[in-house]
Amino acid sequence: MWFKNLTLYRFNKPFSVDTESLEKALTDFRFTPCSSQDVSKFGFSNAMGKQGDTLVHTANNRHLIAATKEEKILPSVVVKEALEEKVSQLESEENRKLTKKEKDALKDEITTTLLPRAFSRRSHIQALILPEQQLVLVDSSSATKAEELLALLRKALGSLPVIPVSFATPLEQQMTDWLKAGNAPEPFTIQDEAELKAIADEGGIVRFKQQDLSENEVLAHLETGKQVHKLALHFGQSVAFLLGSDVSLKRLKFSEEFRAGNDELGNEDPMARLDADFAMMSSELVALLESTINALGGLESAE
């Protein structure tokens with residue numbers, strides 16, 4: 001339930017949706033497992049996992065949704081070996097070379113035969129819709145996977161006017177200025193990890209981990225023209241993360257003290273605890289993003 005990565009999108013047209021309407025829209029695209037002949041299936045699943053029974057979970061007008069993807073694992077080498085064996089057999093029997101079209105048809109036939117015996121792999125992805133902030137947060141480090149979820153949501157809703165979040169001033173320029181100054185705007189503090197890249201395409205990349213980024217060794221790279229493309233930061237006392245120049249927040253880690261904020265509720269009612277944790281997490285994510293946007297000088301105009 002605790003988000004680990006943030007790929008950020010903003011609505012470029014006013015957008016609002018109530019819980020009931022969103023639940024109804026997602027229902028037609030609920031996840032169903034693969035049949036014997038399906039290569040993959042992707043659909044919405046219970047927002048709160050096994051503890052929940054709705055596709056949408058809402059607190060303070062913040063909507064949590066989730067999707068599940070099931071993929072059949074059919075190694076290409078297995079299909080290739082079976083195809084080569086079949087092609088060799090037919091060419092020997094018919095004393096001729098098979099055409100590409102015939103080989104393609106055989107490959108499809110072999111795949112269809114093998115699919116029922118293939119293992120399946122499932123993955124899950126979550127997203128947080130924030131109508132008041134006009135943002136969508138996808139818990140994924142992959143823009144491709146985030147776009148896949150948004151495409152499914154767009155299909156369910158009929159339209160989804162979102163674009164990736166961008167800033168008026170490039171993030172690498174701002175993070176470089178922070179590191180040169182030795183501090184980030186409050187309430188952020190610079191941690192001990194960074195990735196620096198040369199401006200030229202053929203230039204080098206330097207990565208620092210578990211190192212004091214104020215040391216001369218680090219600053220010397222900035223003086224030669226390298227820019228910061230990834231920077232580890234801490235938001236107040238609650239969340240550590242890695243800010244990227246691609247406007248991603250990766251490796252989110254909520255502090256133990258913060259996560260213990262609802263410990264007095266205990267775990268006797270798992271759903272009540274999940275609901276309280278979600279409300280606490282989503283509020284902190286909103287605070288984190290508002291502070292990030294302010295520290296970076298505001299979003300680029302969507303027009």
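What follows is a chat about salt bridges, charged residues and backbone details in a predicted model.

Reader: Let's start with the charges; how many salt bridges does the count come to here?

Author: In this predicted model, the count comes to 14 salt bridges. One of them joins K69 and E148, where the closest N and O atoms are 2.9 Å apart.

Reader: Where in the chain do K69 and E148 sit?

Author: K69 lies in strand β4, which covers residues 62-73, while E148 belongs to helix α4, residues 143-157, so the pair, 79 residues apart, links distant parts of the chain.

Reader: And is K69 buried or exposed? What about E148?

Author: K69 counts as buried, because its relative accessibility is 18% and the cut-off for buried is under 20%. E148, at 29% relative accessibility, counts as partly exposed.

Reader: Which residues are linked with K69 and E148 in a network?

Author: The network of salt bridges links K69 and E148 with E71 and R121.

Reader: OK, what about D104, which residue does it form a salt bridge with?

Author: D104 forms a salt bridge with K100, and the closest N and O atoms in that pair are 2.9 Å apart. Both residues are in helix α3, residues 100-114, and because they are four residues apart there, about one helical turn separates them. As for accessibility, D104 counts as partly exposed at 34%, whereas K100 counts as exposed at 63%.

Reader: Then R207, which side chain does it meet?

Author: The side chain of R207 meets that of E195 in a salt bridge, with an N to O distance of 2.8 Å. R207 counts as exposed at 57% relative accessibility, but E195 is buried, with a relative accessible area of 7%.

Reader: Switching to the surface, which residues gather in a patch of negative charge?

Author: The patch of negative charge on the surface is formed by D192, D212, E215 and E217. E215 is placed in the loop between β9, residues 205-209, and α6, residues 216-223, and it counts as partly exposed because its relative accessibility is 36%.

Reader: Is D277 buried or exposed, and what does it touch?

Author: D277 is buried, with a relative accessible area of 8%, and it is found in helix α8, residues 270-295. Leaving aside residues up to four places away in sequence, D277 touches M1, W2 and N262.

Reader: How far is D277 from D263 in space?

Author: From C-alpha to C-alpha, D277 and D263 are 9.6 Å apart in space, and in sequence they are 14 residues apart.

Reader: Last topic, the backbone: which residues does a cis peptide bond join?

Author: A cis peptide bond joins E186 and P187, with omega at about 10°. P187 is found in the loop between α5, residues 171-181, and β8.

Reader: And what is phi near for Q134 and for R251?

Author: Phi of Q134 is near 55°, a positive value in a residue other than glycine, and Q134 is found in the loop between β5, residues 119-130, and β6, residues 135-138. Phi of R251 is likewise positive and near 55°, although R251 is found in strand β12, residues 248-254. R251 is partly exposed, with a relative accessible area of 48%.

Reader: Why do those backbone details get pointed out?

Author: They are pointed out because most residues other than glycine have a negative phi, and most peptide bonds are trans.

Methods
Residues are numbered from 1 along each chain as its sequence is written. This is a predicted model: local features need pLDDT of at least 70, side-chain atom pairs count only at pLDDT 80 or more; totals for chains, interfaces and linings use all residues. Side-chain values use heavy atoms; hydrogens and water are left out. Patches are made of residues with over 30% relative accessible area and no salt bridge: like charges are joined within 9 Å, nonpolar side chains (Val, Leu, Ile, Met, Phe, Trp, Tyr) within 5 Å. Accessible areas come from the Shrake-Rupley method with a 1.4 Å probe; for residues, only the protein chains shown count as cover. A salt bridge is a side-chain nitrogen of Lys or Arg within 4 Å of a carboxyl oxygen of Asp or Glu. Lys and Arg count as positive and Asp and Glu as negative; His and the chain ends are not counted. The place of a charge is taken as NZ of Lys, CZ of Arg, CG of Asp or CD of Glu. Helices (H or I, at least four residues) and strands (E, at least two) are DSSP runs, numbered from the N terminus. Buried means under 20% relative accessible area, exposed over 50%, partly exposed in between (1.4 Å probe, protein chains only). Contact means heavy atoms within 4.5 Å.
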